[in-house]
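Please look at the sequence and the model before reading on.

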Amino acid sequence: MSFALILAVVAMPSLPADNDYQLGRNWLCLPGRRDACAVDQRVTRVSVDGALTVEPGPRPAHPAADCFYIYPTASLDPGPISDMVASSDETDRITSQFARFASVCRPFAPLYRQVTLTALRARLRGEKVDWNEERGYRDVRDAWHNYLAHDNRGRPFVLVGHSQGANVLKRLIAEEIDGKPIQHRLLSAILPGTSLLVPRGKDVGGDFKSIRLCRAASQTGCAIVWASYRDTIPPPANALFGVSRDPAMEAACTNPARLEGGSAPLDAILGFPWWRGGVAQGVMPKASWQVDGRPVPTRFARVPGRLSGECVRGAHANYLAVHVNTDPKTPFDRELTDEPVIGDNAYPDWGFHVVDMAIVHGDLLRLVKTQSAAWRAHRR
């Protein structure tokens, strides 16, 4: 089943009323508030030998940039479109993927009426499910307009989204930012788990007309995009991400750990909890991470030396090829990188999708910090 079919837009008679994003309840993260982003950011470093070391969380003074985040398909609401009542389905994804960005930028994350995981799984089972992505896009657009009107105040910003969130942001950028005066405040657009098209061999054109791909850590106003697959299970012919159906275009791939190209270690930071076994058949893990039966004492676990990656052009997709450098006999490594855990043996078309952001989380935080400094230096 193609990704285009999975995310097909089906016309509906009418759309629900617009949300008021001046109301705090319509945001999952706002600066200075106790919410899904205001969590303990300590991280446990898990060495290859199984040793656990708790590293203190960062202490940002006054972040120079803002981050506007749209979460991936997460809601388990019963219908095809989620409601505006946040549950752990949404907040857990935000905490895992986005909370640590608060160490390098002010966090903004709106709640929106997305296509649900319930509907997506029904489609994967072959059931007919009608949905309309327009409602979710309009919510995000309204939240963006509210942020610009009341919170931005000329600050540089980063747009962050994964999967459905990346698709929504891709449209928002094309319609609201690309080629417009607001573009000069863009530090980067971080869009994993989608296909961003550029002319073959080029860094600009295609889906975005003037926003280039990022090719250096200090470059600003650019896009960072990748779709990750295990190097031993490359994207098949029915791959969902990193794919172009236009022979004149290719899907962009930029490795957050090495934007200029080539292989590099990936600074993976796993934010508990996360869906195990892939999107289609995912279940929640145990009560905490475990290493040889010992619980990891923090919500976040850093696993240095485990993964490396490189953007490659495959037969069917351009993708971040992830090499697992771990010993499969080590219990935590099995919990982290086994094919049944990631889900890419049963669903090779999805690849490493469920952990697209986690496997480069530390790299992304460094990039945002570097880009913020570069933007300030250029302004001076």
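## Basis of the model

This is a predicted model, in which local features need pLDDT of at least 70 and side-chain atom pairs count only at pLDDT 80 or more, while totals for chains, interfaces and linings use all residues. Residues are numbered from 1 along each chain as its sequence is written, and side-chain values use heavy atoms, with hydrogens and water left out.

## Disulfides

The whole structure holds 4 disulfides (a disulfide is a pair of cysteine sulfur atoms within 2.5 Å). In sequence order, the bonded cysteines pair as 1-2, 3-4, 5-6, 7-8.

The sulfur atoms of Cys 29 and Cys 37 are 2.1 Å apart. This disulfide is right-handed because its S-S torsion is about 90 degrees. Cys 29 has 0% relative accessibility and so counts as buried (buried means under 20% relative accessible area, exposed over 50%, partly exposed in between, with a 1.4 Å probe and protein chains only).

Cys 253 and Cys 311 form another disulfide, left-handed at -75 degrees about the S-S bond. The pair links distant parts of the chain, 58 residues apart, with Cys 311 in strand β18. Cys 311, at 25% relative accessibility, therefore counts as partly exposed.

## The sheet around β18

Strand β18 also belongs to an open, mixed sheet of 4 strands, ordered β11-β19-β18-β13. Strands are DSSP runs (E, at least two residues), numbered from the N terminus; two strands pair if DSSP finds at least two bridges between them. β11 and β13 are at the edges with a single partner strand each, so one side of each lacks a neighbour in the sheet.

β18 and β19 pair in the antiparallel sense over 7 bridges.
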